[in-house]
Amino acid sequence: MAGMTAFDTLDYEARDRIAWLTLSRPTVLNALNLQMRDDLWAALDAAEANPEIAVLIFKGAGSSFSAGADITEFGTAPSIEAARQARLQRDLWGRLATFDKPLIAAVHGYALGAGCELTLLCDFRLASEDARFGLPEVNLGYIPTAGGTQTLPRTIPPGLALDMLLTAQPIDASTALERGLVHWVGPIDSLYTEAEAYARRLLAQPPEALRLARRALRETADLPLPQALALEARLRAQLP
Ligand code: COA
């Protein structure tokens with residue numbers, strides 16, 4: 001089943017069991033504003049509800065993946081309480097962290113701040129040679145709030161995560177590959193075919209084993225080894 005849905009800030013295309021989510025505010029480098037968060041939420045609803053969809057791929061329209069939270073919206077919530085309430089109602093980052101279908105980020109240009117953190121909530125990060133990853137928040141007087149302080153040191157060695165976080169300096173694609181932040185770097189012309197090939201490799205696996213193996217990795221990450229092994233055994237028991 002194929003189909004394209006255009007949200008205000010996002011294109012959602014379901015094709016051959018893959019949902020392509022294209023961040024689409026290209027004139028502001030796909031800065032994540034509240035509307036885009038709502039649109040992402042609705043696109044996740046669509047991908048979750050559709051049993052045909054087995055993998056999601058995020059990408060950016062125009063020259064970048066995403067330059068992060070929309071800085072023109074900083075400080076515009078009516079109150080701290082209202083901002084907190086909005087986050088509680090739609091915990092987009094928490095939802096991605098527990099989303100039950102594999103997530104791939106295909107990154108070109110900038111992936112900064114929340115743009116970078118979105119990729120860290122994905123299972124796989126593929127980057128074109130021009131990609132730049134960074135968490136500039138500290139330099140702006142903030143700290144990351146889309147999970148970056150937690151997901152980055154769970155993805156690359158904690159010392160390197162601290163370096164990225166505290167110096168606020170972006171790293172280029174080859175450094176990202178060296179540090180294990182991305183799974184693949186290559187020419188921009190191959191980025192989406194490579195992302196699709198990754199997705200196809202996942203689609204070729206027995207779906208339930210793939211789902212449970214993914215859960216075993218994600219859900220045990222913060223458990224002491226004995227509990228993690230017990231959870232692994234419980235997940236194993238769900239397979240024939
Ligand atoms: N929020 C809102 N608008 C943004 C944005 C963001 N995070 N990032 C870029 N834009 C806008 C710019 O204001 C500019 O708009 P304009 O054309 O109306 O002036 C447009 O996107 C293009 O950006 P520009 O700065 O001209 O591109 P560049 O190639 O010279 O620089 C960056 C690219 C990413 C280095 C630069 O845009 C930047 O530093 N952006 C902010 C990144 C950031 O701090 N994000 C994290 C927030 S926590």
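A209 is partly exposed, with a relative accessible area of 31%, where partly exposed covers the range between buried (under 20% relative accessible area) and exposed (over 50%), computed with a 1.4 Å probe on protein chains only.

The model is predicted, with local features requiring pLDDT of at least 70 and side-chain atom pairs counting only at pLDDT 80 or more, while totals for chains, interfaces and linings use all residues. Residues are numbered from 1 along each chain as its sequence is written, and side-chain values use heavy atoms, with hydrogens and water left out.

Helices (H or I, at least four residues) and strands (E, at least two) are DSSP runs numbered from the N terminus. In helix α1, residues 34–49, the end C-alpha atoms are 23 Å apart, which agrees with the 22 Å that its 16 residues should span at 1.5 Å a residue, the expected span being 1.5 Å times one less than the number of residues. The buried residues of α1 include M36, W41 and L44.

Strand β7, residues 124–128, is largely enclosed by the rest of the structure, because 5 of its 5 residues are buried. F124, L126 and S128 point one way from β7, whereas R125 and A127 point the other way. Two strands are taken to pair if DSSP finds at least two bridges between them, and β7 has the parallel partners β5 and β10.

| Pair | Sense | Bridges |
|---|---|---|
| β5 (residues 103–107) and β7 | parallel | 4 bridges |
| β7 and β10 (residues 184–186) | parallel | 3 bridges |
| β8 (residues 132–134) and β9 | antiparallel | 2 bridges |

Within these pairs, A105 is bridged to R125 of β7, L126 to W184 of β10, and R132 to D172 of β9. An open sheet of 3 strands has the order β6-β8-β9 with mixed pairing, and its edge strands, β6 (110–112) and β9 (171–172), each pair on one side only.

The ligand is surrounded by 15 residues, the closest being T27, V28, A67, A69 and I71, where a residue is near if one of its heavy atoms lies within 4 Å. By class, this shell has 11 nonpolar, 2 polar and 2 charged residues. A backbone N or O atom of A67 lies 2.7 Å from a nitrogen atom of the ligand, and a polar backbone atom of I71 is 2.9 Å from a ligand nitrogen atom. Taken alone the ligand exposes 860 Å², of which the protein buries 55%.

Technical notes
A polar contact is a pair of N or O atoms within 3.5 Å; within protein, one must be able to donate a hydrogen and the other to accept it, and residues adjacent in sequence count only if both atoms are side-chain atoms. Accessible areas come from the Shrake-Rupley method with a 1.4 Å probe; for residues, only the protein chains shown count as cover. Ala, Val, Leu, Ile, Met, Phe, Trp, Tyr, Cys and Pro count as nonpolar, Asp, Glu, Lys and Arg as charged, and the others, Gly among them, as polar.
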